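Let's take a friendly walk through a protein model, stopping at a few residues along the way. Have the structure open beside you as you read.

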Amino acid sequence: QGDKMLGGRLSGSTDPVMEMLSASITYDQRLSEVDIRGSMAYAKALEKAGILSKPELEKILSGLEKISEEWSKGTFVVKQSDEDIHTANERRLKELIGDIAGKLHTGRSRNDQVVTDLKLLMKNSLSVISTHLLQLIKTLVERAAKEIDVILPGYTHLQKAQPVRWSQFLLSHAVALTRDSERLGEMKKRMNVLPLGSGALAGNPLEIDRELLRSELDFASISLNSMDAVSERDFVVEFLSLATLLMIHLSKMAEDLILYSTSEFGFLTLSDTYCTGSSLMPQKKNPDSLELIRSKAGRVFGRLAAILMVLKGLPSTYNKDLQEDKEAVFDVIDTLNAVLQVATGVISTLQINKGNMEKALSPEILSSDLALYLVRKGMPFRQAHIASRKAVHLAETKGIPINNLSPDDLKSISPLFGSDVSQVFNVVNSVEQYRAMGGTAKSSVTAQIEQLRELLKKLKEQA
């Protein structure tokens, strides 16, 4: 009890269950390296402020380097009395260099220490996530460039709608992911504010040079208000929010690919590397990789919902409730890193079944093109749409594909139908009419690819 951080004020022993509930060392030891980095910077600031002598600073830095080495080698021994990573490192520092270690925490609180540690870890982690995300986007874009001539049905309401290029489908997901990448970059800028030097809540009373701390820890700016700095977890909420949206985009892509890989669609075949078999049915090849990506969206959103509920009822400055932030952040970082790499693997290794895609391009998918044919003949679109619907109904009544309607059948619907109407029933002609920016014509898709390649270069610089 004597060495316990709060031992001087409180009497009696802590309930063991309470200690288990309060302790965070089992997971926040992940902050070990950034905690040491923050302590080294703070020690230098204490020396500049005259709290530490040069020899004392050298002893503390040497001890912290030794602790860092122990963590990296896996030889650091966590003791039962270590409540969190901060107390564990300080306890070990005292074992190595004696009572001088007690000077390190002068003017510093775990309140400003932990939020600094979390920001330092997240800055590094977001760069890794950004790299994985950009690789996935690049994989989608380059596959789109390679398979630009492949055409398949596009769907709305899970029903065949209009023909589109396979590349248009791939790029639709790539574009959504670029927005996620941009949000990551913007969030990194917003969170790059130093909280260290804010103390428990009132600030630092020792004239600590916070500019020195900012420079040592590579932050862009210094927090403006100490009470806000120790309690704000906007950066945690923002990260979990953008992670949730990213996972929703990945979930949608996963669902599309799951459907397209079924025998009912047969548009693509997933690599065995990203599938599993059934324990009962020998014929099964399950898209577990994509199903897991889809499920992880719920997990990540759950983390966001939980931290929002934690923050909702808190009064100002630091409260122990904020301990919940770290597990959420660590879990989502790990989830994103795994999911993004698996998604990239799935996209890069799947095989498309061009024949099945072509077979699925049934003539009725060109019904809207029939309306456009009449529009180009001068008919108002609403009337042309009605005429096209009549043609669909007539074909269904006769039990034939719409492209097998005779010239007389079509003329009975509108005299504007001529012999050139046969050109409508060609999927290449169909996709090529969508030449406006963003459309599925080859020229438009090629322009999308070039723009995305340029955007990737800019995003890579920000990662």
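A charge sits over a ring if NZ of Lys or CZ of Arg is within 6 Å of the ring centre and within 35 degrees of the ring normal. Keep that in mind as you look at this model, which is predicted. Lys 119 lies over the face of Phe 235, at 5.1 Å from the ring centre. Another such case is Lys 123, which lies over the face of Phe 219 at 4.2 Å from the ring centre.

Tyr 260 and Phe 265 form a tilted pair, with 5.8 Å from centre to centre and 45 degrees between the planes. Tyr 260 and Phe 265 also belong to a cluster linked by ring pairs, together with Tyr 155, Trp 166, Phe 169 and Phe 267.

| Residue | Relative accessible area | Class |
|---|---|---|
| Trp 71 | 15% | buried |
| Phe 76 | 10% | buried |
| Tyr 260 | 8% | buried |
| Phe 265 | 22% | partly exposed |

Phe 265 is partly exposed because its 22% is not under the 20% that buried requires, nor over the 50% for exposed.

Now for the backbone. Most residues other than glycine have a negative phi. Which way does phi go at Leu 158? Leu 158 has a positive phi of about 60 degrees, although it is not a glycine. You will find Leu 158 in the loop between strand 1 (151-156) and strand 2 (159-165), and it is exposed, with a relative accessible area of 61%. Thr 317, not a glycine either, has a positive phi of about 65 degrees. Thr 317 lies in the loop between helix 11 (288-312) and helix 12, yet it is buried, at 13% relative accessible area.

Our last stop is helix 12 (residues 324-349), where Val 339 has its place. Val 339 is buried, with a relative accessible area of 6%. What does Val 339 touch, leaving aside residues up to four places away in sequence? The partners are Met 247, Leu 250, Ile 293 and Lys 296. From Val 339 to Cys 275 there are 64 residues in sequence and 14 Å in space, C-alpha to C-alpha.

Conventions: Residues numbered from 1 in each chain as written. Predicted model: local features only at pLDDT ≥ 70, side-chain atom pairs only at ≥ 80, totals over all residues. Heavy atoms only, no water. Helix = DSSP H or I, 4+ residues; strand = E, 2+ residues; numbered from the N terminus. Buried < 20%, exposed > 50% of the residue type's maximum accessible area, 1.4 Å probe, protein only. Contact = heavy atoms within 4.5 Å. Phe/Tyr/Trp six-rings, centres within 6.5 Å; stacked < 30°, edge-to-face > 60°.
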